[in-house]
Amino acid sequence: EPAELNRRIDSGESIVIIDCRTTAERDLACLENTIHVPMTELGARLEELREHDESHVVVHCHHGVRSLQVTHALRNEGFELTQSLAGGIDRWSLEINPSIPRY
């Protein structure tokens, strides 16, 4: 849930946020302090994410479909504390930060 994630970020909790959208989508709108790993590059870039395999990881996309797939893939690779951001960046824009453009 966006509100829960926002609360946890505001409280200073260490959370790794992965943006699994395309570069073109990220150019339209993005959250600050995220790691950009397009879904199509996940397999090739898995090793660079290993330093976060014990961290709380939140994956986001536009509406939450791709991020759910990436979340399952990461969990299968041992990233046990990984979750998908429900509703993606679109819901984040609606509920948390309307200055982030919707597309």
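A cavity here is a set of points, on a 1 Å grid over the protein atoms alone, where a 1.4 Å probe fits but cannot get out, and lining residues have an atom within 4 Å of a point. The volume of the largest cavity is about 30 Å³, and the structure holds one cavity of 30 Å³ or more. Grid points are joined across faces, edges and corners, and a volume is the space filled by probe spheres set on the points.

Which helix gives the largest share of this lining? Helix 1 does, with three residues; helix 1 and strand 3 each supply at least two. Sorted by class, the lining of the largest cavity holds three charged, two polar and two nonpolar residues. For these classes, Asp, Glu, Lys and Arg count as charged, Ala, Val, Leu, Ile, Met, Phe, Trp, Tyr, Cys and Pro as nonpolar, and the others, Gly among them, as polar.

A word on conventions: residues are numbered from 1 along each chain as its sequence is written, and side-chain values use heavy atoms, with hydrogens and water left out. Since you are looking at a predicted model, local features need pLDDT of at least 70 and side-chain atom pairs count only at pLDDT 80 or more, while totals for chains, interfaces and linings use all residues.

## The largest pocket

Now to the open space: the largest pocket has about 350 Å³. A pocket is an open set of points with protein on both sides within 12 Å along at least five of seven lines. Of the 15 residues that line the largest pocket, Ile9, Leu31, Glu32, Asn33 and Trp92 are the closest to its centre.

Helix 1 (2-10) turns up again, giving the largest share of the pocket lining with three residues. Helix 1 and strand 1 each supply at least two. The pocket lining divides into eight nonpolar, four polar and three charged residues.

## Overall fold

Five helices and four strands make up the elements of the protein, in the order α-β-α-β-α-β-α-β-α from the N terminus on. The radius of gyration, 13 Å, is close to the 13 Å that the globule rule gives for 103 residues, so the protein is as compact as a globular protein of that length. That radius is taken over C-alpha atoms, and the rule is 2.2 Å times the number of residues to the power 0.38. Helices (H or I, at least four residues) and strands (E, at least two) are DSSP runs, numbered from the N terminus.

The four strands form an open sheet in the order 2-1-3-4, with parallel pairing. Strand 2 (35-36) and strand 4 (82-84) are at the edges with a single partner strand each, so one side of each is left without a neighbour in the sheet. Two strands pair if DSSP finds at least two bridges between them; strand 1 (residues 15-19) and strand 2 run parallel and are joined by two bridges. Ile18 stands opposite Ile35 in strand 2.

Helix 4 (residues 65-76) packs on the sheet, touching strand 1, strand 3 (56-60) and strand 4.

Technical notes
Contact = heavy atoms within 4.5 Å. Axes fitted to C-alpha atoms, helices over the stretch in contact; angles between N-to-C directions.
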